[in-house]
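Thanks for asking me to look over this one. Below are my notes, in numbered points, to read alongside the structure.

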Amino acid sequence: MLVPHPALVLVTAVPFVALTRGRTRQALLVTATLASLIAALMLPAGDRGIVELAGQELVLLRVDSLSRLFGLIFTAMGLIGTVYGLHVNRGGEYIATLVYTAGALGVIYAGDWISAFAGLELMGVASLAIIWFGGTVRARMAGFRYIYVHLAGGSLLFAGIVLLWSRVGETTLERISPDAGLAYVLILIGVLVSAAVPPLHAWLTDAYPEASVTGTVFLSAFTTKTAVYLLIRLFPGAEVLAWAGAIMAVYGAVFAVLENDIRRLLSYHIISQVGYMVAGVGMGTVLAVNGAAAHAFSHILYKALLLMGAGAVLQATGRRKLTELGGLARAMPIVTVFYLIGACSISGVPLFNGFVSKSMITSASSEYGQAAVEWLLAVASVGTFLHTGLKLPYFTFFGPDRGLKPTRLPGNMMIAMGLAAAACIGIGLLPGWLYARLPETPVHYVPYTADHVLSTLQLLLGTGAAFWLMRHSLGGQPTVTLDTDRLWRRPVWVVVNGLASGTARIGHRWQVRTLSVVEQVAMTLRSPFHVVWPASPPYDADQYRLPIGTTVFWITVGLVVLVLAIWLRIGA
Amino acid sequence: MTTSRLITAMMVVAAGMLAAEVTIVDEVHGGWWHGVAGFELVIGFAGCLALVWGAKVLGKLGLQRPEHEHPEDEP
């Protein structure tokens, strides 16, 4: 049976989405994303969609256990995100999200570097559009900064690909040996930019919270997880990643303490959670790499659920800062429950999906032999529960009532949150379903042992007790937090602005010079005598013109003669 | 729920978990610290305090700035 590429299904829907409106468009969007999910489920293993370009064989559709796992969650997220945003009446944003999802699917199913790079570029353009659909000045500026960083990262990646190509003579997307030298380093940095590894991360917390309520949900799912996919595919066992991931996990948790904006706080926890995945890839054992893949799967679901909950609060109240929110549990009970399911999942509470995936990485870290990595990941777990499980819900849903009157939310938002919540609980209760789909099978890991469950519950209880003691000092402040992007924002702005104004100045001078030359040439053509005798008076057309009255008289005479001639000819 | 009741409940749950750890868990993996009863409880509590304290210090050192210092249209 011929099963289409899931990305092709989404791209095919784009012109129809552009041409339709209302219910028809909604039905089309759900049908396309659902068809894409079904295609991802039915794809047989192996290479298909092989084309030749410039002597290189491109594999557009390589299906193995890793790409199948990511394809499944990407298409599922495409469906959930689309349902969440169905009430939005912005055709352009729908198209951007479809193209963004298709780009991500293009990368994870690619069997070669050229196809993967094309998918990454498609994602870059579409995600920029999603950020700009935020519609604010802040979104526009954040979008510019976002694209600067991704252009730089993409350039490094491209340089690395070209170097690797020239070295090995083929572009197959497979594990890269450190012997590849500079190509290895350039490709690694290029992918780490997309994974938002500090200090290359600030684009994420800068741009994601500025997109629309729907846009942020999509953004949280694809760019960093595509990078995690590439790290698993290309760099398993690279020790530097174990350390980078562990530091990243704590970094996000530390900055989240200072954050007042709920969507930016959750964005810092994307960095923290991706840190677990990066660390898992770096450890490189079967358990760790399986854990990284499983955690990416779980993370897409619970992070989307958390951001959908935060987005619902923003949609209903128009507010997104802890200092402006509070006491919403009574007015928004269902959203509160859905948010708490996401919070339990990201915190690794037993019976939720975060527990069955994160515990794989923490177990792998305890066997890795680097105590510092294990301890950093443990502190990051504390920070995750502190912020997303305690601080954010306490001050948003349960804290001091600010007298907010939230508006009614569309049913499609509730359905989408319900789907994600059900998936979080379902995978938590039946981890075997996820484990059977991991890259390295069979998986012998058992998450629900007395040791795992008790140690996790102890960690959460200790964190909860400390939060309760410090809750009055954690309520957020009306401040902004400076991150590493502040180091380059101003210099880059000066350079870009300097280049733009410099180019404009050169253009202006060129224009003035060209006009001067044209004027000289025109004068010479009017009066060639001027060339041999420059002192002669310049050509003056008015000197040879007849007065306007004379011109009109002769034109009138001419017309009369013409009319008479025609009349006489007709008469004859 | 009052603070004292909550703390009492937390202490009861913590005691129950410690008892369960001592009696049920017969095999632990990794470093020696995993064999210390209540270790994760302490890490959770102390780690949370350290994280918040460390972040607040960084904030005071210049990471946190008033909102009006960074307008929307800045580069």
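**Notes on the two chains**

1. Chain B has two helices and one strand, and along the sequence they come in the order α-α-β. Helices here are DSSP runs of H or I with at least four residues, strands are runs of E with at least two, and both are numbered from the N terminus. Please keep in mind that this is a predicted model, in which local features need pLDDT of at least 70 and side-chain atom pairs count only at pLDDT 80 or more, while totals for chains, interfaces and linings use all residues. Residues are numbered from 1 along each chain as its sequence is written, and chains are lettered from A and ligands numbered from 1 in the order in which they are written.

2. On overall dimensions, chain B has a radius of gyration of 20 Å, whereas a compact globule of 75 residues would have one near 11 Å. The radius is taken over C-alpha atoms, and the globule rule is 2.2 Å times the number of residues to the power 0.38. The C-alpha atoms of chain B fill a box of roughly 60 × 40 × 20 Å along the principal axes. Of its 75 residues, 17% count as buried. Buried means that 20 or more other C-beta atoms lie within 10 Å of a residue's own, exposed means 12 or fewer, and partly exposed is in between, with C-beta atoms placed from the backbone.

3. Chain A holds 21 helices and three strands. The C-alpha trace of chain A spans about 115 × 65 × 55 Å along its principal axes, and 52% of the 572 residues count as buried.

4. How does chain A divide into domains? The assignment gives domain 1 (1-147 + 201-226) and domain 2 (236-480); such bounds come from an automatic or database domain assignment. The contact between them takes 24 residues from domain 1 of chain A and 30 residues from domain 2 of chain A, where contact means C-beta atoms, placed from the backbone, within 7 Å. On the domain 1 side, α3(A) gives the most, with 10 residues. That side divides into 14 nonpolar, eight polar and two charged residues. In this scheme Ala, Val, Leu, Ile, Met, Phe, Trp, Tyr, Cys and Pro are nonpolar, Asp, Glu, Lys and Arg are charged, and the others, Gly among them, are polar.

5. The largest nonpolar core has 195 residues, and those with the most contacts inside it include A:L231, A:V278 and A:M308. A nonpolar core is a set of buried Ala, Val, Leu, Ile, Met, Phe, Trp, Tyr and Cys residues joined through C-beta atoms within 7 Å. Helix α12 (residues 286-317) of chain A supplies the largest share of this core, 19 residues. Both domain 1 and domain 2 of chain A give residues to the core, so it lies between them. Beyond its neighbours within four places in sequence, A:L231 is in contact with A:V191, A:A195, A:L241, A:V278 and A:V281.

6. Please look at helix α1 (residues 6-19) of chain A, which has a kink of about 30 degrees at A:A13, shortly before the proline A:P15. The bend at a residue is the angle between axes fitted to the seven residues ending there and the seven starting there. Among the buried residues of α1(A) are A:V9, A:L10 and A:A13. The buried residues of this helix pack against α2 (22-42), α3 (65-84) and α4 (91-108) of chain A.

7. Which element gives the most to the side of chain A that touches chain B? In total, 43 residues of chain A are in contact with 40 residues of chain B. α18(A) gives the most to the chain A side, with 17 residues. By class, that side has 27 nonpolar, 10 polar and six charged residues.

8. Some backbone details deserve a glance. The peptide bond from A:P198 to A:P199 is cis, with omega near 5 degrees, and A:P199 is in the loop between α7 (182-195) and α8 of chain A. The loop between α7 and α8 of chain A also holds A:A196, whose phi is near 60 degrees. A:A196 is buried, with 25 other C-beta atoms within 10 Å.

Conventions
Two residues are in contact if their C-beta atoms, placed from the backbone, lie within 7 Å.
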